[in-house]
Amino acid sequence: MKNTIRLATLAVAAAAACGAHAQAFPAAGKNITIVVPFAAGGPTDRVARDLAEALRKPLGGATVVIENAAGAGSTIGAAKVARAQPDGYTLLLNHIGMATIPSLYRKLSFNVLNDFEYLGIVNDVPMTVVGRPTLEASNYAELSKWINANKEKVNLGHSGLGSAGHLCGLMFQSAVNVQMTTVAYKGAAPAITDLMGGTIDLMCDQTTNTSSQIEAKKVKGYAVTTKERLKTPALKHLPTLNESGVKGFNVTVWHGLYAPKGTPEAVMAQINTALKAALKDPTFIQKQEGLGAIVATDNRVERTGHKEFVKSEIDAWGKVIKAAGQFAD
């Protein structure tokens, strides 16, 4: 009888300790770091910084900081988080790269589906086809003629192997049946800078990186990659590629939040709850819409919905990458 009572007491104490541990997250004075696997100033970095601010309140006022770990198509930053202590204090914000690196990279130190905990999708970001400000073409019809007249002489920039711009560029070249000269950069910021300066001719990049440049007429906007036109003031005048004759073209970049495998369930539930609160924050929504991004509201904001979605994206993009025949060692 005494042993039974003692075991019951220990069980209650253990449960109480677990509850206290869950409630202690995030600990006072301890920062939460969101690792961004791309350069500072790029489109994913902008999303991360807006999200970090929106997460502060639902995480009890915790300080959320951004750490840029760029390189190798997001694999350096992703590997860093996969190896991190699974305590909720080191998270990863990555885009569509989480679905493409399993096919692009033949030697990965981590498994996308098995080495991360899925915390929810943040947003969907349309892409834009943009050109240098000195490009002769003033609309997509003229751009199409110019591309066909110049073909491989056209310089198409992107922010690195596996980046959203690289993937969109692959699909664009395939859709228009023109093999262009591609120029890879270490991040979207230096690529867009060279586009504005006329060093390269074209880019297919996220609206979060191009909206303000189009509005300021620092680059020429030609089309968006979504099924329907966008309502963002800076982009609403742009036609879709589909209506411009590139039938069926539809590419949207999404961003998701991840934690290292083995992060406690209670901590993940708390972060997911905070994320869903952040996605309803009017200021965050306004900032994202101003960049042409659409804040997620569907079942992908749930942990299981997020992972199922990434599984389907891995299958879909695997076919595109295999057809293009571009891989990294």
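Mentor: In this predicted model, the largest pocket holds about 350 Å³ of space. Of the 15 residues that line the largest pocket, Arg229, Leu230, Lys231, Gly292 and Ile294 are the closest to its centre, and the elements that give two or more residues to its lining are helix H10 (282-290) and strand E10 (294-295). Sorted by class, the lining of the largest pocket comprises six nonpolar, four polar and five charged residues.

The second largest pocket has about 290 Å³ of space. It too is lined by 15 residues, and those closest to its centre are Asn250, Val251, Thr252, Trp254 and Glu313. Two or more residues of this lining come from each of E9 and helix H11 (303-324), with H11 providing the largest share, five residues. Nine residues of the lining of the second largest pocket are nonpolar, three are polar and three are charged.

The aromatic side chains can be followed from here. The structure holds six aromatic pairs. In one of them, the ring centres of phenylalanine 116 and tyrosine 258 are 6.3 Å apart and the planes stand at 70°, so this pair is edge-to-face. Because phenylalanine 116 lies in strand E4 and tyrosine 258 in strand E9, the pair ties together parts that are 142 residues apart in sequence. Both phenylalanine 116 and tyrosine 258 are buried. In another pair, tryptophan 254 and phenylalanine 309 have ring centres 5.2 Å apart and planes at 70°, so that pair is edge-to-face. Since tryptophan 254 lies in strand E9 and phenylalanine 309 in helix H11, the pair ties together parts that are 55 residues apart in sequence.

Tryptophan 254, with 1% relative accessibility, counts as buried, and phenylalanine 309, with 18% relative accessibility, also counts as buried, the cut-off being under 20%. Elsewhere, the charged end of lysine 30 sits over the ring of tyrosine 89, at 4.2 Å from the ring centre. Phe116 and Tyr258 belong, with Phe110 and Tyr118, to one aromatic cluster.

Terms used. Residues are numbered from 1 along each chain as its sequence is written. This is a predicted model: local features need pLDDT of at least 70, side-chain atom pairs count only at pLDDT 80 or more; totals for chains, interfaces and linings use all residues. Side-chain values use heavy atoms; hydrogens and water are left out. On a 1 Å grid over the protein atoms alone, a cavity is a set of points where a 1.4 Å probe fits but cannot get out, and a pocket is an open set with protein on both sides within 12 Å along at least five of seven lines; lining residues have an atom within 4 Å of a point. Grid points are joined across faces, edges and corners, and a volume is the space filled by probe spheres set on the points. Helices (H or I, at least four residues) and strands (E, at least two) are DSSP runs, numbered from the N terminus. Ala, Val, Leu, Ile, Met, Phe, Trp, Tyr, Cys and Pro count as nonpolar, Asp, Glu, Lys and Arg as charged, and the others, Gly among them, as polar. Rings of Phe, Tyr and Trp (its six-membered ring) pair if their centres lie within 6.5 Å; planes under 30 degrees apart count as stacked, over 60 as edge-to-face and the rest as tilted. Buried means under 20% relative accessible area, exposed over 50%, partly exposed in between (1.4 Å probe, protein chains only). A charge sits over a ring if NZ of Lys or CZ of Arg is within 6 Å of the ring centre and within 35 degrees of the ring normal.
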